[in-house]
Amino acid sequence: MHFTIPKAEELKDKNGASFTGYTIHADGKLHCVVRYRQLSCLHDQLKRVFGARALPTFPPKKLLHLNSEEVEERRMLLERYLQLVSQDSKVFSSEVFNGFLVSAQLETQSAAPEQVTLDVYLLNNYRISVTASSTLQTDDVLEKACQQINLPPRLTYYFGLFMMKKTEESYTIVRKLHDFEAPFISLRTAGHTPEHRIVLRKNYWDTSYDADLLEDTVGRNLLYVQTVSEVEWGWMSADTDTRARLTMLQAKGNKREYVALAQQLPFYGYMQFEPCTCDFPVAGTRARVSIGNKELNIRIPPGEGGARNTVREGSFKVTRMRCWRISSVEPVPAEAGGAGPSSAAAGPTGPQLELSFEYLMSRDQLQWVRLASPQAVLMSVCLQALVEELLRRRKGLGIPRPGEKVHNVNFNYLTRDGSLQHVNARSGAGDSEHVDCDSGISFRKLSNKLSQLNLVGRISLASNRTVENNAFDEIGDDEL
């Protein structure tokens, strides 16, 4: 999970008073804009629930008006606080933390609760229409959608909701939706265009979990639909003869046999990304990236990176990645020789995104590999999810399921104008009163990062907003 605060800006509230708004991005996309005192109030409530020892230091309150340098310093400190506090799985999954982020999303989008119909799609364009409150959170929407198609509850969290963009021939994955957001509002934020859709798809990496879905009729149908779609999009490599056999099985409706044959294909169960630019094997190489089966795979088409008449591949096992990071880098002008990996992710203006990872090429050789792509954050999120699942499997644990949701938990949400809303968790309903929520300051360090996974991590912030994760200490070098 990647939280960033890329900017702070001067805004006005509904009464015309100026304030500094901090823009929070989740997985690279705008989630909400909040004030310092709102995050301070959240910190106070988290302290009451988890204790000061379980939380990182919150940026101190200032008595005088902040100048531009002090605002920038506070932005960086608030960003660091969010990144650290979200690494504690208990805090991250708590109703207080999730409720705050949902409420902040609703306030930012000026969204009032209303009954709406939210369309959730399968990859074959089948539509599941969910009627619910516009503020319903992701897990609740997922459960409702799965109930409507009669998927057994034990299999619900084998799937997830994803924001995807439909193209003429396939889909592009934008990001996975989290429980701290309301899918209806997230879809509206994305433009609510026909191209953007909420899609139900598999939410695991280890293909051995397929066996559980194949034993259930609905689960088998969902797995079959996704497999057919990804074969048709060319996400898997299949020769002419294999494609003919798949077409025959599809015509006969032999779903189990179709999936079994597809499972033998290269890149089955992988997530595919848009073309990017990398520095492997040489700077400026155009490539296709896919993630799955404990690896990040780079495919280099003929004519790129020294490849002549064949497609070259680079397979990078997650067990040999020492760390990876997301960097926001300034584009290099073409006239200055800017054909390096950063040139691929450029928008019209502004910084580019780059995923780089340090890889153990041999027992005594570590090398950085860099990929420039607008989907760099999504790649990083996928790597993190793949590692978390790998660690769970090594502990003998299965698909993670959220704990039982408590719908009668109340928390306080401080709005931008200073009104304190008493909100009932997962309902969004509550009363308001005007208060001043002062912050207590904790000087304790985060004591337990991802305790349930024992995933060792370090986050470091650089001037280009780099997030670095040393996430593989526990896995070791079993591939050497």
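Before I begin, a word on the term helix: here a helix is a DSSP run of H or I that is at least four residues long, with numbering that starts from the N terminus. Please also keep in mind that what we are looking at is a predicted model.

My topic today is the salt bridges, of which the structure holds 11, and I would like to take you through three of them with some attention to how exposed the partners are.

Let me start in helix H2, which covers residues 68-85 and contains both arginine 75 and glutamate 79, four residues apart, or about one turn of the helix. The side chains of these two residues form a salt bridge, with an N to O distance of 3.9 Å, and both arginine 75 and glutamate 79 are buried.

The next pair is lysine 202 and aspartate 210, whose closest N and O atoms lie 3.5 Å apart in a salt bridge. Lysine 202 counts as buried because its relative accessibility is 8%, which falls under the 20% limit, and aspartate 210 is likewise buried, with a relative accessible area of 0%. Going back to arginine 75 and glutamate 79 for a moment, salt bridges with shared partners join Glu72, Arg75 and Glu79 into one network.

Finally, how do glutamate 9 and lysine 7 meet? Their side chains come together in a salt bridge, at 4.0 Å from N to O. Glutamate 9, at 28% relative accessibility, counts as partly exposed, and lysine 7, at 43%, also counts as partly exposed, because values between 20% and 50% are given that label.

Definitions and conventions. Residues numbered from 1 in each chain as written. Predicted model: local features only at pLDDT ≥ 70, side-chain atom pairs only at ≥ 80, totals over all residues. Heavy atoms only, no water. Buried < 20%, exposed > 50% of the residue type's maximum accessible area, 1.4 Å probe, protein only. Helix = DSSP H or I, 4+ residues; strand = E, 2+ residues; numbered from the N terminus.
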